[in-house]
Amino acid sequence: MNNRFPLLFRATLFVLLPLLCVASYFYSQLSQSVPDYGTVYSIENEEVKANIAFSSDGVPHVQGQNIKDLFFAIGYTHAMERLWQLEVSRRIADGTLSQVMGEAALPLDSVMRAYGLLQAAENTKSALDKETIASLVAYAEGINYWLKNNNKLLPPEFLVAGVEPELWKPVDSIAIIKLFALSLSGNMDDELNRLAKKKLFPNVPMEVFYPYDLVETPEEVTQLSLNNSYSHTPKLATQFELLQQKGNIGGRYVGSNAWVVSGKHTDSGKPILANDPHLGISLPSYWYAAEMSSASEHLKGMTLVGLPYVVLGKNQHIAWGATNMMADQQDLFIETVSAENPRQYLLDDEWLDFSFRKELFDVKSIYPQWMSKKARPTTAVYRRTQAGAVLLEQTSQADFLLSLRWVALENNDTSLDAFYKLQFSRNWQEFRSALAMLKAPSLNFVYADNEGNIGFQASGAIPIRGNGDGTSPQLGSRSENHWQGYLEFDLLPSQYNPEQGFIVSANDKPESEIADKMSHEWASDYRKNRISEILTQHVENNRKMSFRDMQQMQRDVIDKSVFPLLDLMRKVEVKEPAQQKAIDILKQWQGEFSKDSVGATIYKAWFEQLKSNVLTANLLQTSDQVREQGALTRLISVVTAEQLVKFMTQYSDCNNSTVPCLLHFQNSLSQSLRMLRKLSSSDDMNEWEWGSLHRSRYDHITFSDVKLLEELMSRERWAEGSENSINVSNSRLDRTEGFFKDYGAGFRQIMSPGSNQKHDFGIVSGQSGNVFSPLYDNYLATEANRARK
């Protein structure tokens, strides 16, 4: 070789081999940061004695003498497996991510400082029970014990960022639950979207786009909001997008499925409870599976990284799961600023001083210290009114500002008391007593116990509004517009042993007299109806349900929300053979978004193109609306197929044919087929399978934007499902790359109550947060996305 190819030989000898040796060395060194999963870790000091042993798929089995041992040990385990996630989550919550990630993280930090989660967490401490505080102290001590005694390398992200982890404090855990609540709260975003709708389509009733807004907001309130807060919409919308893209916080498809079946309908005679929460997917996941046991307690299920508790799972007496209630816990207020003294705002004809808070930003330079001077810290001033935090600080004098009142920022937030008490609940009464302490996030819980009982309980603080229903910003200058307290817990929806023998919760509107006081942003009924349909079939046919039946249900990809639009698509007359073939495929398609479905791909591409064409065409009729493109884009992103059909048939300018907007249907079909040919690099429609053009994107929580590190730390795989199938999957369209899923089930869990009863659970991505661990993406490697215990 060295004689025939001398250049190749020299390149191999002097370039490739040294590079391989260096890479191999660094890999072997960094791999030492991974725990030894075959070792039993023993923790013993003056106050704690515990052991941690890992199962084959990385689930820690923590054993201790008492509950303090367990909380200490799970803190130790989180540090061992999710240290970078702990560091990043804490910094996102308190707005200090730019200290380790540089100037690129400064906009996110600025938004989080405006919310003031850390200050709210500090103010919350005095409201929590001493037992809850003690559990947070034990958890923090466990994390810090690992930091002080770890003899391994830190996870590779610390090496890349060039930082050291800081010690964990109990208040950090309080901030984490508020950060989690922020992920499940999108009401202020919806208030702004409603303003955009009113501005863009003033003659279209709100219920077309927001089907639960059955009463139109009074015109004077609408005009007040438009005149004084619509100008804030683009900037606040940018903030919300920043939270989603850079913080993996919130989003349109945040939700969950949960159902519980009475033992009289199961093959074991025991209740079966199934749960799969839907959040933004990332590596690592929000969740960490764990089992903890002491002489008196046995807890098993999903912990939330940053908290010591099994948030969703079971103890030896009961099992519980939860879904997002979709409650409206956020309100925007229009604050009137004094023209003479901008340090004051108006309340009931009196000028009051803003509460000011000066914040320091110590931003890390992207260059090594020897290459540049240390960057000077920057400062920013944030304001509060009696209503809440001012969200946007103006660079010039403004007559109006928007402030936010949100349950999670209230001083009496006892939500962590609720999660603490859940660990020890033994029956329905104690379960409800614990949930009465929950403020934010608002959640719907399903329940089962050893005695065979099943139940449902809505939980969270629901504001009583002086005026308005929470769908539009209100004037903050009038105290009668402010919150007047909260609904009593006993008024919230609740069920116990219903006659039908099962309970379903899927972010839908509950059958309750107070539902309209709780929210106007419920998910559609399609997921709930599909789950209920399958369960009812089993009950009516006297087919006892098993864990396997529940697993199949969680992977169900039928979406019946497609049929109103699909029925119109099937009637479209076309001339080109390719277009007719596409319609023929849709005539056979029955709404299944399975991996190999071609109909799903054609339907979704056509719908996205049609929606854009129809709404844009109706908007651009008047010249002054051309400038509203950004607001239109945001509105288009949230319009569903059902809403589009209603708009086309009743309110568009093209509803005068058998198929409304026929020309748009035809043009959109042509455009969508052209796009699919390009995306698939094929004219053969048989190659346009949903799984090949719809991909799950599991971005690393901080380094997905760094090309070299993205290849190492992020993952991508095919995806099934849709927004309204039980197996939830959004499908964000990138016209150059295809459809992407970035929201879906974070874990799937199926269980019967009792320590010795069956329990299947698995995180959809992986257990470990260390990219060099075999457990970093271990569940992605299995098609079922689950692990059996």
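A residue counts as exposed when its relative accessible area is over 50%, as buried when that area is under 20%, and as partly exposed in between. In this predicted model, Asp-490 has a relative accessibility of 60% and therefore counts as exposed.

Across the protein, 60% of the 789 residues count as buried. The fold comprises 25 helices and 31 strands. Of the contacts between residues at least 6 apart in sequence, 70% join residues at least 24 apart. The protein exposes about 32,300 Å², with 49% of this area supplied by carbon and sulfur atoms.

| Salt bridge | N to O distance |
|---|---|
| Arg-432 and Asp-490 | 3.5 Å |
| Lys-560 and Glu-533 | 3.1 Å |
| Glu-737 and Arg-697 | 3.4 Å |

Arg-432 belongs to helix α14 and Asp-490 to the loop between β22 and β23, so this pair ties together parts that are 58 residues apart in sequence. Lys-560 lies in the loop between α17 and α18, and Glu-533 in helix α16; the pair therefore links parts 27 residues apart in sequence. Both Lys-560, at 36% relative accessibility, and Glu-533, at 26%, count as partly exposed. Glu-737, in the loop between β27 and β28, and Arg-697, in strand β25, tie together parts 40 residues apart in sequence. Glu-737 is partly exposed, at 48%.

Asp-348, Asp-349, Glu-350 and Glu-480 form a negative surface patch. Within this group, Glu-480 is found in the loop between β21 and β22 and, at 40% relative accessibility, counts as partly exposed.

Terms used. Residues are numbered from 1 along each chain as its sequence is written. This is a predicted model: local features need pLDDT of at least 70, side-chain atom pairs count only at pLDDT 80 or more; totals for chains, interfaces and linings use all residues. Side-chain values use heavy atoms; hydrogens and water are left out. Helices (H or I, at least four residues) and strands (E, at least two) are DSSP runs, numbered from the N terminus. Buried means under 20% relative accessible area, exposed over 50%, partly exposed in between (1.4 Å probe, protein chains only). Contact means heavy atoms within 4.5 Å. Accessible areas come from the Shrake-Rupley method with a 1.4 Å probe; for residues, only the protein chains shown count as cover. Patches are made of residues with over 30% relative accessible area and no salt bridge: like charges are joined within 9 Å, nonpolar side chains (Val, Leu, Ile, Met, Phe, Trp, Tyr) within 5 Å. A salt bridge is a side-chain nitrogen of Lys or Arg within 4 Å of a carboxyl oxygen of Asp or Glu. Lys and Arg count as positive and Asp and Glu as negative; His and the chain ends are not counted. The place of a charge is taken as NZ of Lys, CZ of Arg, CG of Asp or CD of Glu.
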